[in-house]
Amino acid sequence: MKAKIAEIFESVQGEGLYLGEKQIFVRFFNCNLSCAYCDTKLDRFTEYEPKELFEEIKLYRDKYHSISFTGGEPLLYADFLKEILRLTSGHGHRHYLETNGTLFFELEKLIDRIDIIAMDLKFPSSTGMGDLWQLHRKFLKIASRKEVFLKAIICQATSEEDLREALAIIKEVSPSSVLVLQPNSYENQSVLHEKLLNFKEIASQQGVTTCVIPQIHKIMGLR
Ligand code: SF4
C-alpha cells in the first residue's frame with residue numbers, strides 16, 4: 001500500500017484556530033476538487049509505504065503540537081492514512097487533519113484516530129464549482145465526534161446565500177463548532193473587509209461563532 005506524498009516538513013500552522021502551533025506537515029498529492037482559488041500547485045511527489053513515512057516522521061525530534069495531514073486531500077489515501085495513524089499514535093503524536101470536508105465515507109474509516117479536524121466548507125460562489133452541501137453535512141456529522149472547526153474562503157464573489165446555507169448546516173449538525181472566515185489572500189483585503197464584518201454579523205445573529213483569520217504563513221513568507 002503506497003501513497004503519493006508531495007512534501008514533509010516542519011513549520012508553524014498558518015491558518016485556522018491552531019495558528020502558530022508548531023507542527024510536522026505531511027502533504028499528500030492530488031485532490032478530488034478544483035477550487036478556483038486553489039494555490040496548492042503540486043507537480044511532484046514521492047511514493048511511500050506507511051512504514052517508510054513513519055521512519056521519516058521519527059526524524060523530527062523537537063516538541064510538536066501535532067502532525068498535520070494536509071494536501072491536496074489526504075483522505076484520498078484513507079487506508080494508508082489509517083495505517084500511518086496507527087503507527088504514529090503509539091508515539092504520542094496528536095493527529096490534525098486538514099480536509100476539504102467531502103469524503104465522509106473515508107473519514108468514517110479513521111475518525112477514531114484523529115484528534116482535530118480542520119474542515120473546509122466550500123461555498124459554490126467562491127470555488128466556482130457545484131454545490132457540495134450534502135457531502136459537507138454528512139462529513140460534519142462524522143467529524144463532530146471529535147474536535148472540529150470549519151474554514152471558508154471568502155472572496156469578493158462569495159454570496160450571502162452561501163454563508164446562510166453554511167450557517168444552517170453548522171446549526172443543525174455541530175452548533176458549537178467555530179467557523180473561520182478566511183479572506184482570499186490574492187484579493188484586495190480592504191475590499192473584503194466590509195464583507196467579512198457583514199458576514200460576522202449575520203453569523204452572530206444566527207448564533208454561530210466566527211473568527212476572521214487570514215493566512216499568516218503567506219504574510220510572513222513561511223512555508
Ligand atoms: S480542496 Fe484545497 S487543494 Fe483541493 S482544489 Fe480546493 S483549495 Fe485546492
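Modeller: The model is predicted, and the labels are taken one at a time below.

Colleague: Why is Phe-199 called buried?

Modeller: Buried means under 20% relative accessible area. Phe-199 has 2%, so the label applies. Phe-199 is found in helix α7, residues 189-205, and touches Ile-154, Thr-158, Ser-159, Glu-160, Leu-163 and Leu-181, not counting residues up to four places away in sequence.

Colleague: What makes Arg-27 and Glu-7 a salt bridge?

Modeller: The cut-off is 4 Å between a side-chain nitrogen of Lys or Arg and a carboxyl oxygen of Asp or Glu. For Arg-27 and Glu-7 the closest N and O atoms are 2.7 Å apart, therefore the pair counts. Arg-27 is in strand β2 and Glu-7 in strand β1, 20 residues apart.

Colleague: Why is Arg-27 called buried, and why is Glu-7 called partly exposed?

Modeller: Arg-27 has a relative accessible area of 15%, which is under 20%, so Arg-27 is buried. Glu-7 is at 22%, between the 20% and 50% limits, and therefore counts as partly exposed.

Colleague: How do you know that Asp-62 and Lys-22 tie together separate parts of the chain?

Modeller: Their closest N and O atoms are 2.9 Å apart, in a salt bridge. Asp-62 lies in the loop between α1 and β4 and Lys-22 in strand β2, so the pair joins parts that are 40 residues apart in sequence.

Colleague: Which residues surround the ligand?

Modeller: Cys-31, Leu-33, Ser-34, Cys-35, Cys-38, Gly-72, Asn-100 and Lys-122 do. By class, this shell has four nonpolar, three polar and one charged residues.

Definitions and conventions: Residues are numbered from 1 along each chain as its sequence is written. This is a predicted model: local features need pLDDT of at least 70, side-chain atom pairs count only at pLDDT 80 or more; totals for chains, interfaces and linings use all residues. Side-chain values use heavy atoms; hydrogens and water are left out. A residue is near a molecule or strand if one of its heavy atoms lies within 4 Å of it. Ala, Val, Leu, Ile, Met, Phe, Trp, Tyr, Cys and Pro count as nonpolar, Asp, Glu, Lys and Arg as charged, and the others, Gly among them, as polar. Helices (H or I, at least four residues) and strands (E, at least two) are DSSP runs, numbered from the N terminus. Buried means under 20% relative accessible area, exposed over 50%, partly exposed in between (1.4 Å probe, protein chains only). Contact means heavy atoms within 4.5 Å.
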